[in-house]
Amino acid sequence: MMPWTACRYFIEKTLLINRKQVTCITQHVKFSISEPLRGGDQRIFRLTPSRFQWHKFKDMFHLYAMVGLIPVGAIIFYSNVYIGPAQLTVTPPNYCPKHWEYHRHPISRFIARYIHNSPQQEYEKFLHFIDEEKQKAKLRALEKQVLSKMAERHDYKSYYYRPVYNKYIRINKKIGDSLIMEMGDDHDGDQD
Amino acid sequence: MVQGEGGPPDDNLFRAFASAVYNTIDAPVTWFREKVVEPNQKKYPWYHQKFRRVPTIDQCYSDDVICDYEANAQFKRDRAVDSEILGILRMRYEDCMMFERPDHLTVCKPFWERYKDAEEAWFIKYGDLGAYADARKAYMKQKHRMIWERRHGPLSEHTK
């Protein structure tokens with residue numbers, strides 16, 4: 001909105017300005033509410049109630065009738081009288097109707113044909129979109145699972161960096177744990 | 001207002017008067033339609049869209065969102081169609097009732113039976129699922145119903 005207002009301001013101030021010098025005429029004026037009797041050559045300033053609302057109403061009515069009522073009414077009249085609604089028919093075999101041929105009124109057909117995308121296209125676009133989002137969600141869930149396992153086992157510094165093969169460390173750790181379970185963890189009596 | 005296409009002129013003054021009042025509006029409109037509108041209208045076809053059957057929710061993997069969405073769309077279409085069928089059966093009964101009143105209870109009984117059966121079947125499948133009904137929710141409802149029936153016996157003759 002702002003650029004348009006600035007544009008209009010600029011145009012009015014520079015291009016549409018009236019540079020004519022108006023000579024001011026001062027004269028005595030008689031104020032009157034009603035029509036006076038004809039006589040004298042005095043100027044009369046009519047004091048009447050405001051007719052602004054009436055003029056504004058006529059202006060707006062004229063605008064909306066010319067721009068709205070008459071063109072749109074003409075389009076609707078033409079499409080209903082000279083084109084008319086479609087007849088429901090059985091789909092011929094081996095014929096795939098276009099997506100606008102599923103509408104009855106000519107204006108709906110026009111909108112479906114030239115303005116909207118076909119419903120099948122929108123459906124398939126949406127299916128692709130949710131599939132892609134689902135793949136992203138699966139990847140994020142997998143990453144979360146891996147990180148939680150890393151936090152639980154403390155065997156990897158990070159999942160993209162493998163300094164050693166932790167498989168053997170895990171096996172050795174398991175063996176060590178089972179030995180301690182069997183033999184106990186009292187090592188002071190080893191040096192005999 | 002029955003205008004009719006001919007036959008002997010009507011003697012009934014009241015009916016003639018009522019028709020005359022009706023025709024002050026109707027006759028110009030009918031004339032306009034028959035003489036101006038209909039000759040100029042083009043004749044071209046309009047088709048009924050038939051959707052292919054897609055796998056239902058019980059045939060989908062649990063993490064397959066595409067299958068889920070398609071099954072859901074099919075469920076909503078099926079529910080709309082079944083609701084319309086139910087409405088048509090209801091309209092048939094109501095027309096019969098309004099025409100046959102006051103002995104509609106005996107004369108319209110077949111319509112009533114058929115409508116009641118259809119209504120019960122509709123409710124078994126789609127009823128009580130709430131505003132955000134889903135194919136999955138309907139499937140779970142069926143599962144719970146089958147478990148209840150296993151424990152307590154058949155629910156109604158439609159579920160045997």
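Let me start with a pair of residues: in strand E1 of chain B, Pro45(B) is the bridge partner of Gln87(A). Gln87(A) belongs to strand E3 of chain A, residues 87-88, and two bridges join E3(A) to E1(B), the strands running parallel. Two strands pair, by the definition used here, if DSSP finds at least two bridges between them. Helices (H or I, at least four residues) and strands (E, at least two) are DSSP runs, numbered from the N terminus.

A word on the ground rules. This is a predicted model, where local features need pLDDT of at least 70 and side-chain atom pairs count only at pLDDT 80 or more, while totals for chains, interfaces and linings use all residues. Residues are numbered from 1 along each chain as its sequence is written, chains are lettered from A and ligands numbered from 1 in the order in which they are written, and side-chain values use heavy atoms, with hydrogens and water left out.

Now to the interface. Counting contact as heavy atoms within 4.5 Å, 20 residues of chain B are in contact with 29 residues of chain A. Together the two chains bury about 2300 Å², with 61% of it on carbon and sulfur atoms. In chain B, the residues that lose the most area to chain A are Tyr44(B), Trp46(B) and Tyr47(B), together 39% of what that side buries. Buried area here is the accessible area (1.4 Å probe) that two parts lose on being put together, summed over both.

What about polar links between the chains? The rule finds 12 residue pairs in polar contact across the interface, both residues at pLDDT 80 or more. A polar contact is a pair of N or O atoms within 3.5 Å; within protein, one must be able to donate a hydrogen and the other to accept it, and residues adjacent in sequence count only if both atoms are side-chain atoms. On the side of chain B that touches chain A, the elements giving two or more residues are helix H1 (13-40), strand E1 (45-46) and helix H2 (65-100) of chain B. The largest share, five residues, comes from H2(B).

How many salt bridges cross the interface of chain B and chain A? The rule finds one, and it links Asp63(B) with Lys138(A), their closest N and O atoms being 3.4 Å apart. The rule asks for a side-chain nitrogen of Lys or Arg within 4 Å of a carboxyl oxygen of Asp or Glu. Over all chains the count comes to 11. One within chain A is Lys136(A) with Glu133(A), at 3.3 Å between the closest N and O atoms. Both of those residues lie in helix H4 (residues 119-153) of chain A, three residues apart, about one turn of the helix.

Back in chain B, Asp68(B) is found in helix H2. The side chain of Asp68(B) makes a polar contact with the side chain of Arg136(B), at 3.2 Å.

Two backbone details to look up on screen. A cis peptide bond joins Arg101(B) and Pro102(B), with omega about 15°, and Pro102(B) lies in the loop between H2 and helix H3 (104-107) of chain B. In chain A, Asn94(A) has phi near 60°, a positive value in a residue other than glycine.
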